[in-house]
Amino acid sequence: MTEREVLNVAEFHGDGISKELSDSIHKVASCLPLDVRFHPVDLSLERRRTDPKGSYKDAEDAIRAHGVAMKYPTVTETESPNKVLRERFDFSVIHRPVKSIPGVPTRHTGKVDLHIIRIAVGGTYEDAGRRIGTEAAVSVRVIERKPSWHANQFAFHQAKRIGSDVVSTSKYTIQKETDGFFEEIAEEVAALHPDIPHRSELFDALLAKMIMRPEDYSVVVCPNEYGDFLSDAACGMIGSIGLGASANYAFTEGGDISLAMFDPAGGTAPDIAGMNKCNPTAAIWAFAMLLTHCGFRGLGSMLDAAVRDTIASGQTTADLGGTLSTDEFTKAVCATMQTELTGAAS
Ligand code: ATP
């Protein structure tokens with residue numbers, strides 16, 4: 001028997017359905033032809049309350065040791081753990097794939113297959129603003145070169161991998177200096193990738209066109225808040241806000257990815273925690289993204305497809321109208337994956 005390759009993954013445990021999602025990921029990992037070694041870190045509210053410094057320090061040590069982490073949902077009490085981790089690890093780019101899910105009802109017949117790449121910092125989100133007297137308020141909007149550059153580079157690399165074009169989007173005709181700067185950087189990066197078609201589109205027009213003809217869009221890159229709006233709008237088109245996964249990236253000075261953290265989009269679902277009811281789809285897709293990032297591209301896309309095929313065959317958890325428990329759905333995904341692995345090997 002040949003030695004299986006080892007993949008070390010830091011694993012940030014949170015609250016609510018976190019444990020069930022993690023159990024599901026461990027089961028999925030055990031059916032892969034890989035030796036996946038998880039390195040757990042407790043980021044539950046209980047631990048953060050009693051040992052906030054220690055909990056984040058452990059998370060930092062683990063992700064720096066292994067380069068990649070899976071993160072499960074965490075409750076926000078005083079601080080948002082996502083914000084703390086983003087600042088601590090310098091995550092500057094978020095990649096959020098949004099793809100139609102066969103079998104999930106939508107109001108929309110168009111096929112969505114988007115990679116939304118957004119600057120994870122700045123825009124209007126760093127400054128909550130201030131009141132000026134009683135009749136006005138202002139906030140500062142920030143666009144910085146480095147994260148804009150990383151987001152655009154990531155977008156072009158993604159486009160190269162999947163053979164698509166890149167659309168950069170913002171309100172550059174109105175926010176001439178800030179969004180104009182972002183588009184200038186997009187042009188600079190585009191010039192380094194002459195083989196990949198690039199166009200800029202105004203964000204409002206893009207929303208309308210994306211809803212009318214989603215097939216025309218694949219890799220879209222934008223500043224922070226636009227990416228936030230676009231991700232939820234696109235999720236609405238595929239019939240689910242809660243089924244997405246996202247990747248957070250930090251970069252070296254040279255522009256290579258230094259750290260990556262993958263997480264399901266949904267919350268801690270306290271109402272169903274511990275009931276073996278939650279849908280682990282987004283967590284499994286996050287894990288598929290992690291596999292792809294770590295160089296196991298074939299396994300990543302196979303796992304992504306295995307989840308889609310399982311849902312398409314009508315095997316789903318209650319939130320999608322099915323009858324399966326978390327465990328049963330996970331088993332069904334593993335069985336589909338097994339079939340796909342056997343097919344690929346023969
Ligand atoms: P949080 O404060 O962590 O965001 P929340 O209850 O406010 O928690 P969500 O966790 O997003 O928000 O839950 C919203 C609804 O969606 C709940 O009814 C929850 O049960 C459901 N839900 C969320 N995640 C899942 C999941 N993975 N599977 C099934 N249902 C889910």
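The legends below describe close-up views of a predicted model.

Local features need pLDDT of at least 70, side-chain atom pairs count only at pLDDT 80 or more, and totals for chains, interfaces and linings use all residues. Residue numbers start from 1 along each chain as its sequence is written.

**View A. Helix H1 packs on helix H11.** Helices (H or I, at least four residues) and strands (E, at least two) are DSSP runs, numbered from the N terminus. H1 covers residues 18-30 and H11 covers residues 326-345. They pack at an angle of about 25°, with axes 10 Å apart. Axes are lines fitted to C-alpha atoms, for helices over the stretch in contact, and angles run from 0 to 180 degrees between N-to-C directions. H1 and H11 are therefore roughly parallel to each other. Angles under 35 degrees count as roughly parallel, over 145 as roughly antiparallel, 65 to 115 as roughly perpendicular and the rest as oblique. H1 contributes Glu-20, Ser-24, Lys-27 and Val-28 to the contact, and H11 contributes Thr-326, Thr-330, Val-333 and Cys-334. Contact requires C-beta atoms, placed from the backbone, within 7 Å. Three of the residues in this contact are nonpolar, three polar and two charged. Ala, Val, Leu, Ile, Met, Phe, Trp, Tyr, Cys and Pro count as nonpolar, Asp, Glu, Lys and Arg as charged, and the others, Gly among them, as polar.

**View B. Helix H10 crosses H11.** H10 spans residues 297-312. The axes of H10 and H11 come within 9 Å and cross at roughly 125°. The pair is therefore oblique. H10 also makes a right-handed crossing with H11. On H10, the contact uses Met-302, Leu-303, Ala-305, Ala-306, Val-307, Asp-309 and Thr-310. On H11, the partners are Ala-332, Val-333, Thr-336, Met-337, Glu-340, Leu-341 and Ala-344. By class, the contact holds ten nonpolar, two polar and two charged residues.

**View C. Helix H3 meets helix H4.** H3 runs over residues 52-66 and H4 over residues 81-89. Their axes come within 11 Å and cross at roughly 50°. H3 and H4 are therefore oblique to each other. Tyr-56, Ala-59, Glu-60 and Ile-63 of H3 face Val-84, Leu-85, Arg-88 and Phe-89 of H4 in the contact. Six of these residues are nonpolar, none polar and two charged.

**View D. Ten strands form an open, mixed sheet.** The strand order is E2-E1-E3-E12-E11-E4-E5-E10-E8-E9. E2 (35-42) and E9 (198-202) are the edge strands; each has a single partner, so one side of each lacks a neighbour in the sheet. Neighbouring strands are turned by 25° against each other on average, direction ignored. E4 (residues 93-99) and E11 (residues 245-251) pair antiparallel over three bridges. Pairing needs at least two DSSP bridges. Val-93 has Tyr-249 of E11 as its bridge partner. Helix H5 (residues 145-162) packs on the sheet, touching E4, E5, E8, E10 and E11. The direction of H5 makes about 160° with that of E5.

**View E. The shell around the ligand.** The ligand is surrounded by 14 residues (C-beta atom, placed from the backbone, within 6 Å). The closest are Gly-266, Gly-267, Thr-268, Ala-269 and Asn-279. The shell divides into seven nonpolar, five polar and two charged residues.

Key:
Contact = placed C-beta atoms within 7 Å. Left-handed = near helix turned anticlockwise from the far one by under 90°.
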